[in-house]
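Please read the report below alongside the sequence and the structure.

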Amino acid sequence: MKELVCITCPRGCRLKVDEKMNVTGNFCPRGKIYAVNELTHPVRVVTSTVKLTGSIYPRVSVKTKDPIPKDKIFNVMDEINKVTLKCPVHIGDIAIKNVLGLGVDIVVTKNINK
Amino acid sequence: MIKKNYDLVVIGGGSAGMAGAIEARKLGIQDILIIEKNDYLGGILNQCVHNGFGLTEFKEELTGPEFMTRLSDQVKELKIDYVLNTTVTSLLPDKTIYASNQEGFYIIKAKSVLVTTGCYERNAGAIMLPGDRPSGVVTAGTAQLYLNIYGYLVGKRVFILGSGDIGLIMARRLTLEGAKVLGVAELCPYSNGLNRNIVQCLEDFHIPLYLSHTVSDVDGYDGILHGITISQVDEHNQIIPGTEKKYECDTLLLSVGLIPNSPLLRDAGVKLSRNKGAIVNERYETSIPGVFSAGNVLHVHDLVDLVTKESRLVAHFIKEYLDGKESAQDKYLDVIASDGVGYVLPHKVSLNNTHDVTFKFRVRKPIKDLNVIFLDKDSEIKKIFKPVLIPSEMTEITLTSEELKKFKNNITVKVEKKI
């Protein structure tokens, strides 16, 4: 029996997972998915900022469009820190396509026009 | 272009202000103005680049900037007037608003006002932090602004006091950007942040959380932070001698609570509660008829989704006020936070009220297997069982208009361990 706190949403359900991967304590179906993922291949969404030129704001926020493997977080951060974008930028713009071949893009999460 | 008269002026263009203005417009209120002091809408969400926002409001997981853009896009689509870089200097009891910006000074007459000015962080002085006051002691939100908006890392070796969510989020953020976060000290014997943030911000990065600990000394004799000492505290929050641990660090982040930013309301003569937010009735109307308040300036919320929900509800009451449906001379029942309850909103309920009312409250300490009890003075009217309540999560309980009719003296709310 494994005990986990679901991090999918702020509710933070306390999950119990038995040897046969039966999940209890979840309020919604996402809890089940989280528990199984967490015990087999844990993933996280990484949010950060990248450099921006041509704007009064020197940084723009970005995220991994989908969750990436937890053990790749710092490698992905290294890639994010290499990028410089040019103003204007818009939500959904791709900052890095298929980062480190993980099949996930790094996308912009803010509109900056000036 | 600022006009002289508006049906509704919203002071503060953050999530509460925008959500309230959007709902008000959808309800048919025509002349609306949002006044925002910064040069962008969205308030604090601009710097909250992490995700986890919007699960109830938009049914998907968004980052802070994405969430606020959804709102600001609606403000623009609905052609709601807003002005940026404009500061409200005074709100008068007759709902006259003084505002100023680079173009000039404005006197605006509002039929109704929604005050959504958010909150600010408690600082070193507010918690009587012992020791020196060197540079390097910063609030978590300030560090977040420096890092996420301006791209400056506040330090390389960081200790965090307080386990509020902003502190936890910053522990992860600073770690991702190459700083070493040495630990988080929390005065309470339990964390004040969301469980998910303990897991994904601390445990993921092996950052220790020291419960029942506080900073007992700050070493910055020459104006620069060199290190701190933490000590364990007993059940009365008194430092236990001999438990000191010293850390060399260049930054101490403070994540020790938020205070409603209510001086504008105070100076207008609005009665404030002990937590510094306005005292409001079940319509979220303050002691000045036609002046309403919502969001973190009223009480500090756990989630922005709860802020926008509250503000949209208040828009309905504003619409009713403008339609002349309210009676300002109502008699009220006081709502009293009793045993184990920190505060309850609304603070009073009109005897004329005919609607269901949702009460929002926080318990003082974590409590399991409990009953939430609503009493009319001493006699019990309603009892609701809850498996667990914690101070960091606001609880909502709705009483129907029928149930509310049973209260004659006051509405007292308490929590009690189930026997």
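A residue is called buried if 20 or more other C-beta atoms lie within 10 Å of its own, exposed if 12 or fewer do, and partly exposed in between. The model discussed here is a predicted one.

**One residue of chain A**

With this definition in hand, Lys72(A) can be classified: because 18 other C-beta atoms lie within 10 Å, Lys72(A) is partly exposed. This lysine belongs to the loop that connects β7 (68–69) and α2 (73–80) of chain A. If neighbours within four places in sequence are left aside, Lys72(A) is in contact with Leu100(A) and Leu102(A). Val89(A), by comparison, is 17 residues from Lys72(A) in sequence, and the C-alpha atoms of the two are 26 Å apart in space.

In chain B, 5 strands make up an open sheet with parallel pairing, and their order is β10-β17-β11-β12-β13. The edges are taken by β10 (137–139) and β13 (209–211) of chain B, each of which has a single partner strand, so one side of each has no neighbour in the sheet. On average, and with direction ignored, neighbouring strands of this sheet are turned by 20° against each other. Helix α4(B) packs on the sheet, where it touches β11, β12 and β17 of chain B, and its direction makes about 170° with that of β12(B).

Helix α4 of chain B (residues 165–176) has 12 residues, which at 1.5 Å a residue should span 16 Å, and because its end C-alpha atoms are 17 Å apart, the two values agree. The helix is mostly covered, since 11 of its 12 residues are buried. Among these buried residues are Asp165(B), Ile166(B), Arg172(B) and Arg173(B). The elements that cover them include α3 (140–148), β11 (157–161), β12 (180–186), α5 (195–202) and β17 (251–254) of chain B. After the helix comes Gly178(B), whose phi is positive, near 100°.

The buried residues of α5(B) include Arg196(B), Ile198(B) and Leu202(B). Which elements do the buried residues of α5(B) pack against? They pack against β1 (2–5) and β4 (43–44) of chain A, together with α4, β12 and β13 of chain B.

A further open sheet of chain B is formed by 3 strands in the order β14-β15-β16, and here the pairing is antiparallel. At its edges stand β14 (213–219) and β16 (245–248) of chain B, and each has a single partner strand, so one side of each is left without a neighbour in the sheet. From one strand to the next, the twist averages 25°. Strand β14(B) is mostly covered, as 5 of its 7 residues are buried.

| Strand pair | Sense | Bridges | Residues opposite each other |
|---|---|---|---|
| β12(B) and β13(B) | parallel | 3 bridges | Val184(B) and Leu209(B) |
| β14(B) and β15(B) | antiparallel | 6 bridges | Asp219(B) and Gly227(B) |

**Domains and the contact between chains**

Chain A is divided into domain 1 (2–40) and domain 2 (47–108), and the C-alpha centres of these domains of chain A lie 29 Å apart. For chain B, the domain assignment gives domain 1 (5–120 + 259–329), domain 2 (123–256) and domain 3 (336–417). The C-alpha centres of domain 1 and domain 2 of chain B lie 32 Å apart. Between these two domains of chain B, 4 residues of domain 1 are in contact with 5 residues of domain 2, and the side that domain 1 contributes has 1 nonpolar, 3 polar and no charged residues.

Between the chains, 21 residues of chain A are in contact with 22 residues of chain B. On the side of chain A, the elements that give two or more residues are β5 (47–53) and β6 (59–64). By class, this side of chain A has 9 nonpolar, 7 polar and 5 charged residues.

Methods. Residues are numbered from 1 along each chain as its sequence is written. Chains are lettered from A and ligands numbered from 1 in the order in which they are written. This is a predicted model: local features need pLDDT of at least 70, side-chain atom pairs count only at pLDDT 80 or more; totals for chains, interfaces and linings use all residues. Two residues are in contact if their C-beta atoms, placed from the backbone, lie within 7 Å. Helices (H or I, at least four residues) and strands (E, at least two) are DSSP runs, numbered from the N terminus. Ala, Val, Leu, Ile, Met, Phe, Trp, Tyr, Cys and Pro count as nonpolar, Asp, Glu, Lys and Arg as charged, and the others, Gly among them, as polar. Domain bounds come from an automatic or database domain assignment. The expected span of a helix is 1.5 Å times one less than its number of residues. Two strands pair if DSSP finds at least two bridges between them. Axes are lines fitted to C-alpha atoms, for helices over the stretch in contact, and angles run from 0 to 180 degrees between N-to-C directions.
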